[in-house]
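Have the structure open and follow along.

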Amino acid sequence: MPGLGIPTNTTTTPAQAAAQSPIDVATGIIPRSVLSIVPGEGTVEILVGTPTQASGDTISRLANLSTRGRVTVENPLILGFAIAGNESRAVLVRGVGPALTRFGVADALPAARLQVFDSTGALLATNQGWTAASGAAATAATTGAFPLAAGSADSAAVLTLAPGTYTIQVDDPRGNGGVGLAEIYDAGSGAGARLVNVSSRGAAGAGNDALISGFVLEGGVSSRV
């Protein structure tokens with residue numbers, strides 16, 4: 001368990017513009033955040049910035065973020081993320097429940113449903129049963145994601161997304177509740193776009209119900225976060 005394409009049209013939304021450009025052309029101000037709509041949950045603020053690096057350095061990148069927490073019908077596990085740059089980026093997103101049992105997680109979610117929304121709240125992708133997701137196994141292998149058992153009730157999707165802000169929701173389709181894991185992996189290459197921010201929201205409790213996040217930075221130098 002590592003540390004945590006659907007361009008719909010050619011019109012640039014305000015959120016996409018904020019992620020693509022470090023300066024608002026109308027105001028001359030560097031945008032600090034955008035608001036992403038979470039269906040049924042209100043809005044999530046996602047910080048957007050431009051990474052800096054010293055001359056000659058190989059820039060580090062946010063390669064993965066995973067958040068574990070208790071999922072119920074009333075409380076899905078929510079991840080918001082932003083892609084910055086001037087081209088689309090491939091990502092692997094997963095909702096994991098049954099696979100957690102082999103890591104010794106008690107009361108793992110028996111089934112996990114994954115939904116991906118854009119900044120307007122429009123549903124871009126959904127999956128329940130990861131083996132139906134094209135390219136999920138191969139992309140997991142190349143990004144370092146742990147493998148899921150064939151036919152399990154975990155969920156996944158491989159998407160190519162335009163610069164902008166997005167939301168992942170992992171919920172409980174069976175109404176049983178349990179501990180689930182929401183993950184996003186940067187599956188792209190090149191420097192034209194990058195995953196710049198991921199934020200998590202979920203129920204937090206004591207012991208096994210704690211909300212736990214881990215993340216992976218890759219690159220040749222340290223990165224300020």
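L217 sits in strand β12, which covers residues 212-218. Together with F215 and V225, L217 makes a nonpolar surface patch of about 330 Å². To join such a patch, a residue needs over 30% relative accessible area and no salt bridge; nonpolar side chains (Val, Leu, Ile, Met, Phe, Trp, Tyr) are joined within 5 Å, and like charges within 9 Å.

## Ground rules and overall layout

This is a predicted model, so local features need pLDDT of at least 70 and side-chain atom pairs count only at pLDDT 80 or more, while totals for chains, interfaces and linings use all residues. Residues are numbered from 1 along each chain as its sequence is written, and side-chain values use heavy atoms, with hydrogens and water left out.

The protein chain has two helices and 12 strands. These are DSSP runs numbered from the N terminus: H or I for helices, with at least four residues, and E for strands, with at least two. Going along the sequence, you get α-β-β-β-β-β-β-β-α-β-β-β-β-β. Of the 225 residues, 46% count as buried. The accessible surface of the chain comes to about 10,400 Å², with 53% of that belonging to carbon and sulfur atoms; the areas come from the Shrake-Rupley method with a 1.4 Å probe, and for residues only the protein chains shown count as cover.

In soluble globular proteins, nonpolar side chains tend to be buried together. Here, the largest nonpolar core has 27 residues, and those with the most contacts inside it are F81, I83, V93, L161, I168, I184 and V198. Strand β4 (residues 77-85) gives the most to this core, with four residues. Apart from it lies another core, of 17 residues, with A108, W130, A156 and Y185 among them. A core in this sense is a set of buried Ala, Val, Leu, Ile, Met, Phe, Trp, Tyr and Cys residues joined through side-chain atoms within 4.5 Å.

What does I168 touch, leaving aside its neighbours within four places in sequence? I168 is in contact with L77, I78, L79, F81, V93, L114, Q115, E183 and I184, where contact means heavy atoms within 4.5 Å.

## A buried threonine

T67 is found in strand β3 (residues 61-71). T67 is buried, with a relative accessible area of 0%. Its side chain makes polar contacts with two serine side chains: S200 at 2.5 Å and S213 at 2.6 Å. A polar contact is a pair of N or O atoms within 3.5 Å; within protein, one must be able to donate a hydrogen and the other to accept it, and residues adjacent in sequence count only if both atoms are side-chain atoms.

## The loop between β5 and β6

D107 is found in the loop between β5 (89-96) and β6 (113-118). Most residues other than glycine have a negative phi. The phi of D107, though, is near 60°, a positive value. V105 lies in this loop too, and at 9% relative accessibility V105 counts as buried. Not counting residues up to four places away in sequence, V105 touches R68, L100, V179 and N208.

## Salt bridges

A search of the whole structure finds seven salt bridges, each a side-chain nitrogen of Lys or Arg within 4 Å of a carboxyl oxygen of Asp or Glu. One of them joins the side chains of R70 and D107 (2.8 Å, N to O). That pair links distant parts of the chain, with R70 in strand β3 and D107 in the β5-β6 loop, 37 residues apart. D107 is partly exposed, at 44% relative accessibility.

Is the R94 and E183 pair buried or exposed? R94 counts as buried at 2% relative accessibility, and E183 is buried at 0%. Their side chains meet in a salt bridge (2.7 Å, N to O). R94 is in strand β5 and E183 in strand β10 (residues 178-186), 89 residues apart. R113 forms a salt bridge with D171, the closest N and O atoms being 2.9 Å apart. Finally, R61, R89, D186 and E218 are linked in a network of salt bridges.

Key. Buried < 20%, exposed > 50% of the residue type's maximum accessible area, 1.4 Å probe, protein only.
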